[in-house]
Amino acid sequence: MAKETQSQTVGAKPSPVVKWLLIGLSVLFLFVMLVLPLITVIQEALRKGFAAYREAISDPDAFSALNLTLEATVFAVVINTVFGLFAAWAVTKFRFHGKKLLVTLIDLPVTVSPIIAGLIYVLTFGRQSAIYPFLEEHDLRVVYAVPGIILATVFVTFPFISRELLPVLEAQGTDEEEAAAMMGAKGFTIFRKITLPHIRWALLYGIVLCTARAMGEFGAVSVLSGHLRGQTVTLPLQVEILFGDNKYMPAFAVSSILVILAVVILIVRSIVEYIGKEKK
Amino acid sequence: MKKNLLKAFALSGALLTAAVSLTGCGSSGKAAGSNHYSIVNVSYDPTRELYVAYNEAFKKHWESEHDSTVEITQSHGGSGKQALEVANGNPADVVTLALEYDVKAVEDAGLIEPGWLSEFPLDSSPYTSTIVFLVRKGNPKNILDWGDLARDDVGIITPNPKTSGGARWNHLAAWAWAQREYNNDETQVLAYIKKLYENVLVLDSGARGATNSFVENKQGDVLLAWENEAFLSLKEYPDDYEIVTPSISILAQPSVAIVDKVVDKNGTREVATEYLNYLYSEEAQRIAGQNFYRPSNEQVLAEFGDVFDLSINLVTINDFGGWDEAFAKHFADGGLFDQIYEQN
């Protein structure tokens, strides 16, 4: 906030033409790239009326896809929250060799193509892998089953929470925790009373981002799914399947579920951002 | 501090284990003590509609003769990709793929026992198809035969022979025409095939993707397609497209097989065997015909005489020395397709 007001007062007064041109271009861009497609999705989904729409989204396969997407998202958020907290904590509060390497590794899923992520797990847990006999003996299926989809989702989303926490923890330093420790506070108390209040909003924001990314994941999940209908198909995969089946209206109807979920997340995000700023 | 760290680690570990054990088993097979079978059919791309209809018919057939219920889970995609996934652990009880070679890939992975080709009648090929051209209504580019595909003004849609079974049949059919046209002069044949691939606009991974590129996204002037896929587009959009039958094409024989390792583990051999056997029944043959696959039963095929061009001149895979030889020459890594496509 402070930065923005500064640049406005310090810099020369920008010409109103440039200002409106930039605003116009941004709005036009957003409209063409975002608003128009979204309207099309909703319009196509409702093309055959609300009854047909309801029928399309209450199809058992669509329902199972929604379930699986939510399941994978919940797992991704819970696991990545725990992991993100640990990682961010370790990196900012302790000094150790290989710290830079750890931070780089955390960022890896952002740079690696999701397809590669999927293939890595196929090679690690698939029939060709060394541990497959063990998995088979214990009747555990990872790839082409729900655990594989959860793994893929966790992989592609794991930087989101730690990345939000890192700068906040970094800025905060370790002084307060050290003081608390000297006064005799135990580990978890320090975390609950000192650290958590500082990072609460960053954490929530990270969770929101992680949720959004987890629900939309396509590439890695596609490689690990096997496309077993009604069993290992998530919402984005179900949309692709329906398109291939020449069922366009249902494809858009299922897409609209994703759009609605995304809008809900956007609203939650804005609220979190707003409250977070107020608290500061 | 340490204790809490450990606790949290244990918690996340437990969560993962729970996910694995909750959902890891029981998607296929026979639940203990119940009369319910669940089998998985991993198939190729254009059979989506066929197996929706057939699965319903089979369910009725099985449940009328047995004291148990059956449920079939489908998976569809490019045939080569599907075979690879089964080899990597996708739990198919049966595979119904686009060609013998892809089933062989599953056999080579140790999942299907040798000899599967003669396990069901007619080389385990309950229905056949061929390769035709789908062009826009009125055939504006006047595409009549394979030779026209090498013209500069023609844009072609065909899937990728690396991943799609249909694309391999396309490639071999074009090759067969060129061999006849150029009296087996390999240099001229190669030059023709090279020109053909130069004209390809979109190389999708599966047949259905290619159809969508041509029909929905309006790409290209001609779609090299499974006959069944071409008829299906015609049924959806009768006023927009027409089928051109080339002077020579190939008898495409999709292959079916039981995945022995999986059915033995799941206890589903009996129901899986009957599932594939019943594909040869008159009822199923008629369903195949209605979905534009050529029934292998001659009598049922005759019923669809006004649908299919039965006089079409067809070569078979045996004219290429069988799938092993054809695959090694054309589609293996570094094979003819790779060479042609890298040069482009």
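Reader: Why is helix α13 (residues 235-244) of chain A largely enclosed by the rest of the structure?

Author: This is a predicted model, in which local features need pLDDT of at least 70, side-chain atom pairs count only at pLDDT 80 or more, and totals for chains, interfaces and linings use all residues. Residues are numbered from 1 along each chain as its sequence is written, chains are lettered from A and ligands numbered from 1 in the order in which they are written, and side-chain values use heavy atoms, leaving out hydrogens and water. Helices are DSSP runs (H or I, at least four residues), numbered from the N terminus, and buried means under 20% relative accessible area (1.4 Å probe, protein chains only). Helix α13 of chain A is largely enclosed because, of its ten residues, the number buried is eight.

Reader: Which helices of chain B do the buried residues of α13(A) pack against?

Author: The buried residues, among them A:Leu235 and A:Gly244, pack against α4, α11, α12 and α14 of chain A. From chain B, the partners are α2 (48-65) and α8 (207-215).

Reader: How do α3(B) and α4(B) lie, roughly parallel or roughly antiparallel?

Author: Helix α3 (residues 79-87) and helix α4 (residues 100-108) of chain B pack at an angle of about 15 degrees, with their axes 9 Å apart, where axes are lines fitted to C-alpha atoms over the stretch in contact and angles run from 0 to 180 degrees between N-to-C directions. Angles under 35 degrees count as roughly parallel and over 145 as roughly antiparallel, with 65 to 115 roughly perpendicular and the rest oblique, so α3(B) is, relative to α4(B), roughly parallel.

Reader: Which residues of α4(B) make the contact with α3(B)?

Author: Contact means heavy atoms within 4.5 Å. On α3(B) the contact is made by B:Ser79, B:Gly80, B:Ala83 and B:Val86, and on α4(B) by B:Asp102, B:Ala105 and B:Val106.

Key:
Buried means under 20% relative accessible area, exposed over 50%, partly exposed in between (1.4 Å probe, protein chains only). Helices (H or I, at least four residues) and strands (E, at least two) are DSSP runs, numbered from the N terminus.
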